[in-house]
Amino acid sequence: QVQLVESGGGLVQAGDSLRLSCAASERTVSSYAMGWFRQAPGKEREFVVVTSRGGMLTSYADSVKGRFSISRDNAANTMYLQMNSLKAEDTAVYYCAAAAPLSQWVVYTTSNEYDYWGQGTQVTVSS
């Protein structure tokens, strides 16, 4: 059973940085396609950044390109989301997700393609 636990959220001011962590059960990070999604109040869940199994491919949402970056530590089974230059519109609950991939050359950008989800961590950016 894949388990995902996010941490690192909080209340920050616009322009600040945060790093979110997603601790995964054994070998999940290296064996699954992984992603970060977010959901703001009254809005649908949207992808932030997704990566293929092994990290060969990565895709960022236009709204976060140049500000956010994804990384992973396979030995620690942990995925990270570094968020810089935060804006008020980045306020949301952030989720990490894992999908059993068809190949290492596929990224999944829609939430219904993911099999496992964490409980989410709240990020609030004050303007």
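## Disulfide

The link of Cys 22 and Cys 96 is right-handed, with 60° about the S-S bond. The two sulfur atoms lie 2.1 Å apart in this disulfide, a term that requires a pair of cysteine sulfur atoms within 2.5 Å. Cys 22 lies in strand β3 and Cys 96 in strand β9, so the pair ties together parts that are 74 residues apart in sequence. Strands here are DSSP runs (E, at least two residues), numbered from the N terminus.

Both cysteines, Cys 22 and Cys 96, are buried. Buried means under 20% relative accessible area, exposed over 50%, and partly exposed in between (1.4 Å probe, protein chains only).

## Basis of the model

This is a predicted model: local features need pLDDT of at least 70, side-chain atom pairs count only at pLDDT 80 or more, and totals for chains, interfaces and linings use all residues. Residues are numbered from 1 along each chain as its sequence is written, and side-chain values use heavy atoms, with hydrogens and water left out.

## Nonpolar core

The largest nonpolar core has 36 residues. Such a core is a set of buried Ala, Val, Leu, Ile, Met, Phe, Trp, Tyr and Cys residues joined through side-chain atoms within 4.5 Å. Leu 4, Trp 36, Val 48, Phe 68, Leu 81, Met 83 and Tyr 94 touch the most other members. Two or more residues come from each of β3 (18–24), β4 (33–39), β5 (46–51), β7 (68–73), β8 (78–83), β9 (92–99) and β11 (121–126). Strand β9 gives the largest share, six residues.

Phe 68 shows the packing from one side chain's view. Leaving aside residues up to four places away in sequence, Phe 68 touches Arg 38, Val 48, Tyr 60, Leu 81, Gln 82, Met 83, Asn 84, Leu 86, Asp 90 and Tyr 94. Contact means heavy atoms within 4.5 Å.

## Aromatic pairs and cluster

Rings of Phe, Tyr and Trp (its six-membered ring) pair if their centres lie within 6.5 Å; planes under 30 degrees apart count as stacked, over 60 as edge-to-face and the rest as tilted. By this rule there are six aromatic pairs. In one, the ring centres of Phe 37 and Trp 117 are 5.1 Å apart and the planes stand at 65°, so the pair is edge-to-face. Phe 37 is in strand β4 and Trp 117 in strand β10 (residues 116–117), 80 residues apart. Phe 37 is buried, at 1% relative accessible area. Trp 117 is partly exposed, at 27%.

Tyr 95 also pairs edge-to-face with Trp 117, at 6.3 Å centre to centre and 85° between the planes. Tyr 95 lies in strand β9 and Trp 117 in strand β10, so this pair joins parts 22 residues apart in sequence. Tyr 95 is buried, with a relative accessible area of 13%. Phe 37, Tyr 95, Tyr 108, Tyr 114 and Trp 117 form one aromatic cluster.

## Charges over rings

The charged end of Arg 45 sits over the ring of Trp 117, 4.6 Å from its centre. Arg 19 places its charged end over the ring of Tyr 80, at 4.2 Å from the centre. The criterion is NZ of Lys or CZ of Arg within 6 Å of the ring centre and within 35 degrees of the ring normal.

## Ser 52

Ser 52 is in the loop between β5 and β6 (58–60). Ser 52 is buried, at 0% relative accessibility. Beyond residues up to four places away in sequence, Ser 52 touches Tyr 32, Ala 33, Leu 57, Arg 72, Gln 104, Val 106 and Val 107. A polar atom of the Ser 52 side chain lies 2.9 Å from the backbone nitrogen of Leu 57.

Key. Helices (H or I, at least four residues) and strands (E, at least two) are DSSP runs, numbered from the N terminus. A polar contact is a pair of N or O atoms within 3.5 Å; within protein, one must be able to donate a hydrogen and the other to accept it, and residues adjacent in sequence count only if both atoms are side-chain atoms.
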